[in-house]
Amino acid sequence: MIGSTRYPHVFSPLDLGTTRLKNRILMGSMHTGLEEAPDGFARMAEYFAERARGGVGMIITGGIAPNLEAGVGGKLSTAAEAAQHRLITSAVHAADAEVKICLQILHTGALAGTPACVAPSAVKSRIGRYTPNELDHAGIEKQIADFAQCAALAQDAGYDGVEIIGSAGYLISTFLVEKTNLRTDCWGGSWDKRMRFAVEVVKRVRAAVGPRFIVIFRIAAMDMLDGGLAWDEVVSLAQAVQAAGATIISTHFCWHEAPVPTIATMVPRAAFAQVTGRLRKHLGVPVITSNRINMPAVAESVLARGDADLVSMARPMLADPELVNKAAHGRDDEINTCIACNQACLDHVFARRTASCLLNPRACHETELEYLPAARTKRVAVVGAGMAGLSCATVLASRGHQVDLFEAAAELGGQFVMASRIPGKEEFRETLRYFRRRVEVTGVRLHLGQRATAAALAAGGYDEVVLATGVVPRDPRIPGQEHPMVRSYVDVLLHGAPVGKRVAVVGAGGIGFDVAAFLVHTPGDHGPDLPAWLRTWGVTDPALARGGLATPQPPPAARQVYLLQRKASRPGAGLGKTTGWIHRAALKAAKVEQLAGLAYEGIDDRGLTIRLGKDREKSRLLEVDSVVLCTGQASQRELVAPLQAAGLMVHVIGGADVAVELDAKRAIEQGCRLAAAL
Ligand code: NAP
Ligand code: SF4
């Protein structure tokens, strides 16, 4: 196994005393929405079994509630519910008897989203829907008993352990923090009393499951809250939980309401692992770290530095269930690397849709989206090597079809080439690398720099033609837009067109936001540079400030930028639920002036004149040197009619199919589903 020499720390087993993990990679907990779906258990069984076959050492399920008030979709508080979970544990152990699977017990407390939600005190969370009901002493005892009962039922259901989540703003963590625990009885007040609930939960869970069952406790090593935990409190909590019977301490960073991004694309890889390393020095049990660890080499360096005993990867296992096996066999270049976009995983979960992965639409759909060997080999031409064309071509070829992939540009990737140039989106280069390699592995014949014509395709003898020809920028028809100061986002991002110091970005969709971020950024001022990134977002040494929070110190903006839209709504309102706030905060910090509810009057040597006000009655000149058009796209589909006229079977996917709301998630899924069906 090549991986064990390249990644000796990743592939060394971990002895837990009572049992052994075969390697140091665990699949972290990720709620999928399958927990509450009617056919969810059968689907979860296959979803987890596929990851077990993929080589991971241990799996943690999505969060499961110990009682009704805990507020998560899936619940485990009865023997009948435990019987359903057997489907999952049997499938995972049948896939690989060495793989361990633990059930995450999640009590969301004040974030439960129901009027029945409970907490130590009636303090509403900034992101909660309801003010929670304050628990009385009997209520607290009931919650603890429910945690213990849930753990015992998990054991009956065949799990190897449980993970208790004691962070993120959920029930246990609200007992710890002074501003959410106003109690003056034996469950609040001094630190020892605020910590008591967490410790009691672990003690009673341990008593319920006996000495051999794995009990993981997840702690916020840095909660990033104003008035959050001091470092000595974090250390003493971890030590107390260890003494109470935890087998493993898992570290987590921030509460959901914290003002710092901790898992988005722009967070540098393994940004917080060193905090885990500092905590680990105070403990005798193994410690897990997490957050933005998406490749085996990153995991190896975290483990080699001694920052953790185990590395948790949740979203990377959605993107590529075979990640660990690929690392083990020296096939890292074949890993479909999670780009931390959240678009199909967390954004789906928060919208109460089944989670999946933008890059891997099979994630959580393993039982219905299958790439089976083709019954009859066909010759297929795929036109366009953006995300839709690449996913379609590679899945088709993996099924045994003969595929020619034509791309007019000199490199593959389409819109992702531009996205990869945005500061903080460097991860998108991994997707380009993945597809370059995938094209080779599957045997797709790639024709770069070749614009396919209808005549050549008609003469090619293809059984099917897939048009994934993408989009062209929409013409906004603004008076004066032929002025030399005007550029399109393609000129700027793809061709490096020069841009002045004062810029108006016309259009505030996803691309307008990206272009504004590109323009305010001075190359080298942050991104992979961790200390600079931490300063920008106000993260400091947790021993110096409670929660590790300091005053943000963003770097000065490289340009003065205006970001404009005609709609009166808040710019960026359509961005992803879990990432939109980060883009808005970053542009605010760079002093980008965002203007909505306007009309464009014209562009001339003085700059861009806009009209504002209820009836667009007020004129305002933006004295800018450059105007960048980010006004959406139109489909490129001129090949459709001549190919259909020539009698060819034509399929149109991606932006060429629908340009409005063009996005990579739909493009990739459409490509994969078509390829699975042909
Ligand atoms: P978009 O989201 O449709 O935004 C187009 C912008 O142009 C809007 O602000 C629109 O606002 C404006 N516009 C449209 N027609 C116009 C006209 N005739 N004159 C002047 N302004 C006009 O398109 P996009 O920004 O190109 O993004 C495309 C897709 O890429 C998005 O849907 C998204 O899925 C994806 N994407 C997402 C992200 C992200 O989430 N971070 C980043 C990049 C790309 P008004 O009509 O109100 O002026
Ligand atoms: Fe990662 Fe994005 Fe896939 Fe989620 S949707 S697993 S963040 S690549």
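Guide: Let us begin with the angles: axes are lines fitted to C-alpha atoms, for helices over the stretch in contact, and angles run from 0 to 180 degrees between N-to-C directions. In this predicted model, helix 6 (residues 191-209) and helix 7 pack in that sense at an angle of about 35°, their axes lying 9 Å apart. The crossing of helix 6 and helix 7 is right-handed.

Visitor: What makes the contact of helix 6 with helix 7?

Guide: Helix 6 contributes W191, R194, M195, A198, V199 and V202, and helix 7 contributes E233, S236, L237, A240 and V241. By class, this contact of helix 6 with helix 7 holds 8 nonpolar, 1 polar and 2 charged residues.

Visitor: Why is helix 7 called oblique to helix 8?

Guide: The axes of helix 7 (residues 231-243) and helix 8 (residues 273-280) come within 10 Å and cross at roughly 60°. Angles under 35 degrees count as roughly parallel, over 145 as roughly antiparallel, 65 to 115 as roughly perpendicular and the rest as oblique. Helix 7 is therefore oblique to helix 8. The crossing in which helix 7 passes helix 8 is right-handed. On helix 7 the contact is made by W231, V234, V235 and A238, and on helix 8 by V275, R278 and L279. The residues of this contact of helix 7 with helix 8 divide into 6 nonpolar, no polar and 1 charged.

Visitor: How do you know that strand 9 is mostly covered?

Guide: A residue is buried when its relative accessible area is under 20%. In strand 9 (residues 214-222), 9 of the 9 residues are buried, and the strand is mostly covered.

Visitor: What makes strand 8 and strand 9 a pair?

Guide: Two strands pair if DSSP finds at least two bridges between them. Strand 8 (residues 161-166) is joined to strand 9 by 6 bridges, and the two run parallel. V162 stands opposite V215 in strand 9. On strand 10 (residues 248-253), 6 bridges likewise connect to strand 9, again in parallel, and M222 stands opposite F253 in strand 10.

Visitor: How many bridges join strand 10 to strand 11?

Guide: There are 2 bridges between strand 10 and strand 11 (residues 287-289), which run parallel. S250 stands opposite I288 in strand 11.

Visitor: Which strands make up the closed barrel?

Guide: The closed barrel has 8 strands in the order 3-4-5-8-9-10-11-12, with parallel pairing. Neighbouring strands of this sheet are turned by 30° against each other on average, direction ignored. Helix 2 (residues 40-53) packs on the sheet and touches strand 3 (25-27), strand 4 (58-64) and strand 5 (100-105); the direction of helix 2 makes about 160° with that of strand 4. Helix 4 (residues 137-156) lies across strand 5 and strand 8 and runs at about 155° to strand 5.

Visitor: What makes strand 15 and strand 27 edge strands?

Guide: The open sheet is formed by 5 strands in the order 15-14-13-16-27, with parallel pairing. Strand 15 (445-448) and strand 27 (650-652) each pair on one side only, and they are the edge strands. From one strand to the next, the twist averages 15°. Within this sheet, strand 13 (residues 379-383) and strand 14 (residues 402-407) pair in the parallel sense over 5 bridges. The bridge partner of A381 is D404 in strand 14. Helix 13 (residues 387-398) packs on the sheet, touching strand 13, strand 14 and strand 16 (464-467), and its direction makes about 160° with that of strand 14.

Visitor: Why is strand 20 said to be largely enclosed by the rest of the structure?

Guide: Of the 5 residues of strand 20 (residues 560-564), 4 are buried, so the strand is largely enclosed by the rest of the structure. Strand 19 (residues 502-506) pairs with strand 20 in the parallel sense over 5 bridges, and L563 in strand 20 is the bridge partner of V505. Strand 20 and strand 21 (residues 593-595) pair in the parallel sense over 3 bridges.

Visitor: Why is D657 called partly exposed?

Guide: The relative accessible area of D657 is 28%. Buried means under 20% and exposed over 50%, with partly exposed in between; D657 is therefore partly exposed. D657 is placed in the loop between strand 27 and helix 22 (664-677). Not counting residues up to four places away in sequence, D657 touches S635, R637, V652, R666 and Q670.

Key. Residues are numbered from 1 along each chain as its sequence is written. Chains are lettered from A and ligands numbered from 1 in the order in which they are written. This is a predicted model: local features need pLDDT of at least 70, side-chain atom pairs count only at pLDDT 80 or more; totals for chains, interfaces and linings use all residues. Side-chain values use heavy atoms; hydrogens and water are left out. A crossing is left-handed if the near helix is turned anticlockwise from the far one by less than a right angle, and right-handed if clockwise. Contact means heavy atoms within 4.5 Å. Ala, Val, Leu, Ile, Met, Phe, Trp, Tyr, Cys and Pro count as nonpolar, Asp, Glu, Lys and Arg as charged, and the others, Gly among them, as polar. Buried means under 20% relative accessible area, exposed over 50%, partly exposed in between (1.4 Å probe, protein chains only).
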